[in-house]
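Here are a few friendly notes to read alongside the model. Please keep the structure open as you go through the points.

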Amino acid sequence: MGKPELLLHQLRNFVKLKETEIEDLCKVHYEEFIHAVDELRGVLVDAHDLKNGLASDNAELQHAGNALLGKLDELIESHSTKKNITEALDSLKICSDVMNLCVRANEHINNNMYYPALKLIDSIERDYLTKIPAHDLRHIIERQIPIIRVHIEKSVNNEFSDWLVQVRSIAREIGQQSVWQASSARKREMELRSRQREAEELSRYGGKECLYILETEDPDEDDSILKFDLTPVYRAYHIHACLGLQDQFQDYYYKNRQLQLNSDLQVSSSQSFLEQHQTYFAQIAGFFIVEDRILRTAGDLITNSQVEILWEIAVSKMISLVEDQFSRMQTANHLLIVKDYVSLLCATLRRYGYQVGPLLDILDKNRDKYHELLLTDCKRSINESLANDSYEKMIIRKEYEYRSNILAFHLQTTDILPAFPFIAPFSATVPDCCRIVKTFIEDSVSFLAYGSRMDFYDVVKKYLDKLLINVLNEALLKLIQNTTLAVSHAMQIAANMTVLEQSCDFFARYAAQLCGIPVRLVDRPHASLAAKSVLLKSQGAAHEQMLVLVKTKVDEFMQLTININWTPEDPPYSTNEYLNEVIIYLETIIPLAQQILPLDALDSVVSGVLLHISEELIATFLSEDVQRFNIHAIMGIDADLKVLESHADQWFQVTGLHELHGATNLRECLLEARQLINLLLTNQPENFLNPVIRLKSYSALDSRKVLIIAEKYKDLPEKLFSRNPKNPSKKKSMDLLVRRLRDGL
């Protein structure tokens with residue numbers, strides 16, 4: 001408010017007021033204050049007395065404690081000595097314990113017991129190193145611990161390196177043992193299948209009793225646990241894990257095993273692949289069997305993905321190698337040998353979980369080449385068999401020959417054992433070819449079995465058809481088409497083809513049995529081999545070629561017609577020379593054909609030959625060699641025909657052709673020649689122009705041929721003609737026939 005003097009005045013008044021209050025308060029308590037002062041004075045007196053008493057007591061206590069203080073100093077000194085001794089003992093104990101641990105660690109190291117040595121070193125470092133009172137000892141131990149660890153690491157690395165060398169040397173043995181186990185298992189499986197086939201055959205042929213056998217396996221024979229030592233690997237991995245070098249050792253192991261695999265995948269150039277393929281694949285099998293054991297028992301030393309990478313490398317290399325080697329091989333047996341071992345390798349490693357599909361696929365890709373080589377071998381064998389065959393019926397003198405040549409291929413016509421010597425309806429080529437085909441089936445199944453496809457019967461069937469059609473059938477056709485082939489040989493070849501065609505069912509059943517296909521499925525009509533119909537068709541070609549050969553031979557005899565006197569003055573007294581030769585030849589060839597050929601083939605041959613003879617007779621009349629002929633020449637040809645017709649009737653009965661369904665009399669094959677001779681012998685040849693008579697008596701004759709032949713007809717001389725009152729009008733009738741035929745044409 002800008003008036004400080006007023007404030008100061010008020011404060012002074014306030015102070016005075018308070019001082020007044022204090023004076024009043026003192027006046028009220030004055031007596032109590034006086035009393036308190038008196039009491040304080042009494043307390044001072046008592047305090048002085050107490051001080052004097054304490055000084056006296058202190059003097060007495062000091063006097064009495066001087067002796068005790070000496071004893072106390074002695075006690076403190078004893079306690080200090082005891083403490084020093086205790087500390088010295090503790091230090092000695094620590095040093096003693098450390099030295100004992102060091103001694104034990106050295107013993108473990110000397111005994112190659114690295115893990116307990118490392119555990120002791122870790123214990124020294126963890127529990128004792130900072131507590132060692134002796135500085136020199138502590139420094140020595142601190143300096144030696146890393147050296148010992150490095151020494152242990154080097155030792156286990158050396159041991160592991162020795163194991164790498166050793167395991168590579170025993171990997172081949174491991175692989176061979178494993179492949180042998182797979183081979184033994186395959187053999188047992190094949191034996192079981194064989195017994196199953198026998199049981200199936202027994203049931204097919206009426207067997208009512210079946211024998212059931214419980215299949216057991218001897219564990220000693222199929223010991224899947226291969227014995228090989230992995231202790232160095234386990235120890236090295238464990239030691240490195242203890243040293244904190246686990247990742248480093250994992251990388252070291254993987255790289256070294258990869259280098260070993262790359263080395264194992266290299267093929268030696270000093271040997272052929274065929275000679276070294278077993279050891280090559282056994283080495284790889286052993287490598288991956290070891291890796292599988294490592295993967296399953298060594299913790300995380302190697303991962304599944306790393307093993308798969310190694311396997312992919314190996315598969316890629318093996319596929320490339322197999323493709324290259326297969327492309328170089330030119331022998332089917334070599335391909336089969338390598339394929340069998342590769343399939344055993346696949347069977348072995350499949351048991352350990354490896355994916356072997358790509359390897360099996362490459363085997364399947366080469367099946368065409370294998371079968372082409374196999375077909376080439378079979379073609380060579382079949383050609384050799386055909387070339388060495390005598391084409392005579394096979395004579396079997398012993399029972400074992402019968403079993404090996406007939407029963408083995410189901411060529412028997414009856415289940416009853418025949419008397420010996422037994423004459424088979426085929427030549428030696430048939431069992432030889434059956435044996436070749438059977439071997440082909442076995443080799444084909446061997447190559448295709450245990451591949452990527454479980455059902456391969458259709459593939460075997462395809463190649464079997466190829467063998468029978470492109471090799472066997474073609475070889476037989478080529479042989480039958482040989483113009484220098486004897487007729488008897490041609491007949492035997494045709495008979496052989498019939499037997500081989502019938503054997504196709506056996507081949508199909510045998511292939512089905514080896515492929516594990518029920519035989520009842522193969523016995524169905526639509527399941528037969530395509531080669532069966534091809535061979536059946538080729539039989540027709542063989543019969544035609546055989547007929548050509550017979551006709552060719554007959555033509556040689558028919559050339560003798562050139563010696564016939566077509567205008568004789570007198571009737572002939574015997575048959576012509578050509579017919580005698582033809583009859584002799586047919587009398588020789590027909591019985592032989594009867595023994596060899598089935599009735600339908602025999603009918604086609606004999607009827608074809610007779611028809612050909614008829615056509616040749618017509619052709620003789622049409623040829624330029626015959627300019628003129630008279631009635632006496634016709635009488636001679638008529639006599640020839642009668643003899644031939646008589647033999648035709650005889651052959652029709654003797655050969656059994658009359659029993660053949662739908663067969664016509666062999667005489668009918670000579671119908672054209674017979675009708676021509678009848679026309680030339682008749683007194684009224686112009687009746688040929690009558691449609692009714694022509695249809696009845698001359699239906700086989702051609703008008704053009706009749707015209708040409710009729711123009712060549714020459715009547716007998718007048719003096720002879722006049723003696724024959726029965727033929728006065730024949731000349732006119734023949735002239736009328738010629739004239740009318742000319743006008744009609």
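This is a predicted model: local features need pLDDT of at least 70, side-chain atom pairs count only at pLDDT 80 or more; totals for chains, interfaces and linings use all residues.

1. Residues are numbered from 1 along each chain as its sequence is written, and side-chain values use heavy atoms, with hydrogens and water left out.

2. How many aromatic pairs does the structure hold? There are 24 aromatic pairs, counting rings of Phe, Tyr and Trp (its six-membered ring) with centres within 6.5 Å; planes under 30 degrees apart count as stacked, over 60 as edge-to-face and the rest as tilted. The rings of Phe160 and Trp163 have centres 5.8 Å apart and planes at 20°, so this pair is stacked. Both residues belong to helix α4 (residues 135-204), where Phe160 and Trp163 are three residues apart, about one turn of the helix. Helices are DSSP runs (H or I, at least four residues), as strands are (E, at least two), numbered from the N terminus.

3. Phe160 and Trp163 are both buried, meaning under 20% relative accessible area with a 1.4 Å probe and protein chains only (exposed is over 50%, partly exposed in between). Together with Tyr237, Phe249, Tyr252 and Tyr253, Phe160 and Trp163 form one aromatic cluster.

4. Tyr370 and Phe447 are stacked, at 4.2 Å centre to centre with 10° between the planes. Tyr370 lies in helix α11 (residues 367-388) and Phe447 in helix α13 (residues 429-448), so the pair ties together parts that are 77 residues apart in sequence. Tyr370 and Phe447 are both buried.

5. From the record: UniProt places "domain: Exocyst complex component EXOC6/Sec15 N-terminal" (unreviewed entry) at residues 10-177. Such annotations may be inferred rather than shown by experiment. In the model, residues 10-177 are 94% helix and 0% strand, and the end C-alpha atoms of that span lie 126 Å apart.
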